[in-house]
Amino acid sequence: MIKGRDIIIVGIQPWDIQIGSNCKNIAVEFSKHNRVLYVNPPLDRITRLKSRKSERIQKRIAVSKGQISDLEQLDKNLWNLYPKTIIESINWMSSPTLFNFLNRRNSKLFASNIKSAVDRLGFKDYLIFNDSSMFLGLHLKELLQPELYTYYVRDNLIQVPYWAKHGERLEPKTIASADVVVNNSEYYVEYSERFNSNSHMVGQGCDVSMFNDLNNDIPIADEYNSIKSPVVGYVGSLTTLRLDIELLEYIAEQRPKWSIVLVGPEDEDFKRSKLHQLSNVLFLGNKPMNELPSYIKGFDVAINPQVINEITIGNYPRKIDEYLAMGKPIVATRTKAMEMFDDHVYLGESKEDYIALIELALIQHTKAKAETNIKFACTHTWTNSVKDIYKAMEITLNETTWN
């Protein structure tokens, strides 16, 4: 375990993001034994203009004008930095040469803001942990000279349009520049190792305390009073970027006596899909996070009908841990990242597999299996994941010291 150190965390998600964040969870774990500065991404000029009326952007504008402090203490050992300097919006540029020049300029401004904060906090011999900031992060090792520079891969961002434009050529360089690379799936380890041999699997943390139903004390949502069993359900964002609409349609059409319950916000493709014309498919809408366990509790079988593409193939599915913590039988699409769940989840590769495996799950699931699933999910804590991150960092620090 790394203790008593100063750690700077940079990434692509600000502290005040409205969704769950790996990086924030890791920061909290780091701060239990170290001083941590969590750095928000800097405000760019286009966002300042387009979103200037939003409360979050108003706060950043006030920081840039010196009207409020750029540094907030969140906990005893945890601070959040709002960079003062507004950087240029450059991702739209097609010229790699011009992008590289301005990206380096943006990085210098960003690094200057960070240096100001660490000087005020008295950070010494600090470590940098970079969560997927492949553009601004490319030059931070050189500009800030940390004792250790760690890059974290937990998503296939270069397949996302925004990051793909320049990320396909720049993330490999950022990975190569790191002292150590940590990854949350074996798929990403294989990717990172192409550019940096010091790449490690550190698993994934998940706070399943809210979903832990070992004592069977989570109530079922009232909506299930009018829903026929068996219920085959999914909780999460309903987007064709990650989910297979045709698979869901097939399941609903092949088994009209099953209730297919979908809980979460829909993208436009889902809103226009044939699923809305099928009487046994029920869209329950987006629900507050604290209510989701009650909706999962109503499932007879939980599913994760992922579409296989470059974005999903390596993703660690946090929702699987949530389903497991609820003691539910699960049918999911087989991917490399899902192999670690092989003993606890029914994994399918085709539409026909899903039908057969759901039927199997309905028959085979027992209380003993539910308890085993719950206990397995509870091993995937942020404490355990961060222990593996620490191990990769410590090994690298020791090798650097001896060399």
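Colleague: Which side chain makes a polar contact of 2.8 Å with glutamine 204?

Modeller: That of asparagine 184. A polar contact here is a pair of N or O atoms within 3.5 Å; within protein, one must be able to donate a hydrogen and the other to accept it, and residues adjacent in sequence count only if both atoms are side-chain atoms. This is a predicted model, where local features need pLDDT of at least 70, side-chain atom pairs count only at pLDDT 80 or more, and totals for chains, interfaces and linings use all residues. Residues are numbered from 1 along each chain as its sequence is written, and side-chain values use heavy atoms, with hydrogens and water left out.

Colleague: And what joins the side chains of glutamine 204 and asparagine 22?

Modeller: A polar contact of 3.0 Å.

Colleague: Which residues does glutamine 204 touch, leaving out those up to four places away in sequence?

Modeller: Asn22, Tyr152, Asn184, Tyr316, Arg318, His380, Trp382 and Ser385. Contact means heavy atoms within 4.5 Å.

Colleague: Is glutamine 204 buried or exposed?

Modeller: Glutamine 204 counts as buried because its relative accessibility is 4%. Buried is under 20% relative accessible area, exposed is over 50%, and partly exposed is in between, with a 1.4 Å probe and protein chains only.

Colleague: Where is glutamine 204 found?

Modeller: In the loop between strand 8 (199-201) and strand 9 (231-235). Helices (H or I, at least four residues) and strands (E, at least two) are DSSP runs, numbered from the N terminus.

Colleague: Switching to helix 11. How many of its eight residues are buried?

Modeller: Seven, so helix 11 (residues 318-325) is mostly covered. The buried ones are Lys319, Ile320, Asp321, Glu322, Tyr323, Leu324 and Ala325.

Colleague: What covers them?

Modeller: The cover for the buried residues of helix 11 includes strand 9, helix 10 (292-297), strand 12 (301-304), strand 13 (330-333) and helix 13 (367-377).

Colleague: Which residue takes a positive phi just after helix 11?

Modeller: Glycine 327, at about 75°.

Colleague: Now the whole chain. How many helices and strands are there?

Modeller: The chain has 14 helices and 14 strands. Buried residues are 54% of its 403 residues.

Colleague: What box do the C-alpha atoms fill?

Modeller: Roughly 65 × 45 × 40 Å, taken along the principal axes.
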